Amino acid sequence: MKAAHRLLSFVLALSMTVTLLPVSPVLAAETSSVAAAESTAAGTVTGFGELETQEIALAEKIDLDALLESMPSTLPVYLDNSSEVTEIPVTWYCLDDYETSNDYYFQFSPSWDTDAYPLLDGLDVEVDAPYIAVYLAGVTAMSSSSSTVSGNSNETTIFTYLTGTMGLNTAAACGILANMYAESAFKPTSSCTDSNGLTSYGLCQWNGSRYTKLKSWCNSNGYNYKTVTGQLHFLSYELSTSTYNYILKYLQGVSNSASGAYNAGYYWCYYFEQPANTTTQSKTRGNLAKNSYWPFYSALVSASNSSASSASAPVLSDYTTPGTSMTYGTLFTLKGTITASSAITSVTAGVYNSSGKAVTSASATPNSTAFDVYELDEDVLFSQVPVGSYTYVIKATVGGTTYTVLDYSFKVTARKLSNATISSIDARYTYTGSSIKPTPKVKYSGTTLTKGTDYTLSYSSNKSVGTATITIKGTGNYTGTVKKTFKIVPKKVSNLKVKSSSSKKITVTWTALKSVRGYQIQYSTSSDFSNAKTVTVVGTTNKKKVISSLKSGKTYYVRIRSYCKVSGTNYYSFYSSKVKIKVK
């Protein structure tokens with residue numbers, strides 16, 4: 001987990017390792033333990049490894065240069081030309097204006113040479129790449145080995161009000177909490193005045209007429225506008241008005257999942273808070289909701305519900321996830337063990353789209369206290385999931401109650417058409433007068449592509465002979481355009497006949513072809529034509545040639561091909577079958 005603030009009244013063991021910098025005016029530099037040697041082979045970034053330094057907690061804001069110097073100089077990534085993690089050099093930039101902003105939370109995202117390491121289409125560096133979370137307000141993030149949590153007690157009151165009084169789900173509440181932390185660090189008396197003299201105040205930093213309304217509404221309804229309670233009731237009132245009711249309706253409809261938390265955080269920032277740098281700030285707070293608040297509160301609520309309802313709630317351990325993104329066609333092996341104190345009667349694992357529809361899934365009825373998720377691996381086909389955003393969900397039923405033991409969001413990105421090749425590229429294709437035979441085929445990763453929804457196949461030339469270009473354009477699950485040039489040659493000559501009509505002579509006849517420049521006849525005393533001689537016959541309609549000055553009693557082998565001339569270049573057909581003849 002990346003959260004740097006937690007409830008005082010709850011205890012939760014974290015499962016994700018984080019590296020913390022001490023709260024001090026001077027930060028110690030923190031770098032990845034992975035060797036920082038750069039790979040000499042550049043490539044497309046298709047995914048990311050785990051960043052060792054994930055968060056920094058400060059008692060107060062320090063100099064930006066000092067802060068940047070404490071951040072890692074490399075980023076672990078996966079490249080399309082390597083199966084190993086590669087460390088690439090990076091710098092860090094803040095999605096907000098760190099030096100002038102009054103926020104209590106900042107996201108620093110990586111920046112690198114995208115000419116050498118372009119980012120795969122479909123990935124957003126500010127959403128999908130690892131980032132460093134910087135927390136202010138003197139809140140110290142905890143390590144994964146800590147058995148206690150620390151945070152602001154106001155956070156407890158706010159979460160309970162959002163999910164209890166207002167009836168929002170955990171994901172929606174996480175989205176609002178992320179924004180409140182960034183705006184005020186849950187301090188109801190937090191305030192600031194901008195360069196225009198406009199004062200912002202409270203949990204949501206109300207300003208202008210909204211700040212005036214906060215004070216007047218609380219006074220009229222018996223609340224103190226300086227308290228968490230008064231501001232929460234005013235917030236509920238605001239969301240009930242026509243001006244902001246659409247925001248409440250949106251929050252009521254978000255899925256109770258990690259992606260739902262991101263959407264809630266993004267939407268609240270974009271439409272309710274509307275800070276400077278709105279778009280990037282919305283990403284920042286969406287990420288904070290998804291990666292910090294959601295893991296904590298979803299586990300907390302799940303544990304609370306399980307404790308209240310049944311002591312036999314299932315637990316998933318030793319599991320793997322597909323990462324934040326995976327390329328279309330990538331294989332993923334299901335791993336993990338579900339255990340419970342009583343029989344697990346049903347398990348379902350699957351990938352679901354944003355509408356909650358299963359794209360691929362499988363179920364089992366173990367009727368035992370332990371189940372290996374790998375048993376469903378053969379039927380849950382991650383490699384066939386189309387490009388898009390999904391959740392990987394595992395559910396288990398114990399004692400008649402179904403529990404969600406895993407809800408993981410990820411993306412499937414398009415596969416790059418970079419290694420398409422024409423099968424038998426040295427072969428030539430024959431123009432028959434109406435079509436090209438055989439049809440040129442293109443292979444991609446061992447699979448022959450034909451016209452379909454994921455790519456288009458077209459020819460850029462209709463010449464009867466010469467060269468043409470085959471073009472593959474990726475759509476959907478494939479991206480990019482690949483072009484390959486191939487040869488088109490005249491039709492093969494047929495009906496070749498050879499006779500020895502007189503001493504030292506042979507007569508060669510064949511069926512004439514249309515639209516050719518002429519023919520080439522080869523004859524040789526060797527069956528492999530190693531010492532062949534060539535006779536050229538110019539003219540399309542010619543279909544006979546007498547060859548003389550041969551050796552009597554000698555056996556000869558004869559074959560023929562047609563040719564055309566395009567832009568000064570001769571293009572020859574395949575040779576006909578050879579004919580054997582003994583000269584008189």
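Visitor: Why is N277 called partly exposed?

Guide: The relative accessibility of N277 is 41%. Buried means under 20% relative accessible area, exposed over 50%, and partly exposed in between (1.4 Å probe, protein chains only). So N277 lands in the middle class, partly exposed. Bear in mind that this is a predicted model, where local features need pLDDT of at least 70, side-chain atom pairs count only at pLDDT 80 or more, and totals for chains, interfaces and linings use all residues. Residues are numbered from 1 along each chain as its sequence is written, and side-chain values use heavy atoms, with hydrogens and water left out.

Visitor: And what makes N367 exposed?

Guide: Its relative accessible area is 53%, so N367 passes the exposed cut-off. N367 sits in the loop between β14 (358-364) and β15 (368-372), while N277 sits in the loop between α8 and α9 (278-309).

Visitor: What is the phi of N277 and of N367?

Guide: N277 has a phi near 55°, and N367 has one near 50°; both values are positive in a residue other than glycine. Most residues other than glycine have a negative phi, which is why such values get a mention.

Visitor: Where else does α8 turn up?

Guide: α8 (258-273), β8 (191-193) and β10 (206-207) each supply at least two residues of the lining of the second largest pocket. N102, D103, E183, C192 and S200 lie nearest the centre of that pocket, out of 29 lining residues.

Visitor: What makes β28 and β29 a pair?

Guide: Two strands pair if DSSP finds at least two bridges between them. β28 and β29 (residues 505-509) have four, in the antiparallel sense, so they qualify. For instance, K497 has T509 in β29 as its bridge partner.

Visitor: Why are β28 and β32 at the edges?

Guide: The open sheet runs β28-β29-β32 with antiparallel pairing. β28 (497-502) and β32 (544-547) each have a single partner strand, so one side of each is left without a neighbour in the sheet.

Technical notes
On a 1 Å grid over the protein atoms alone, a cavity is a set of points where a 1.4 Å probe fits but cannot get out, and a pocket is an open set with protein on both sides within 12 Å along at least five of seven lines; lining residues have an atom within 4 Å of a point.
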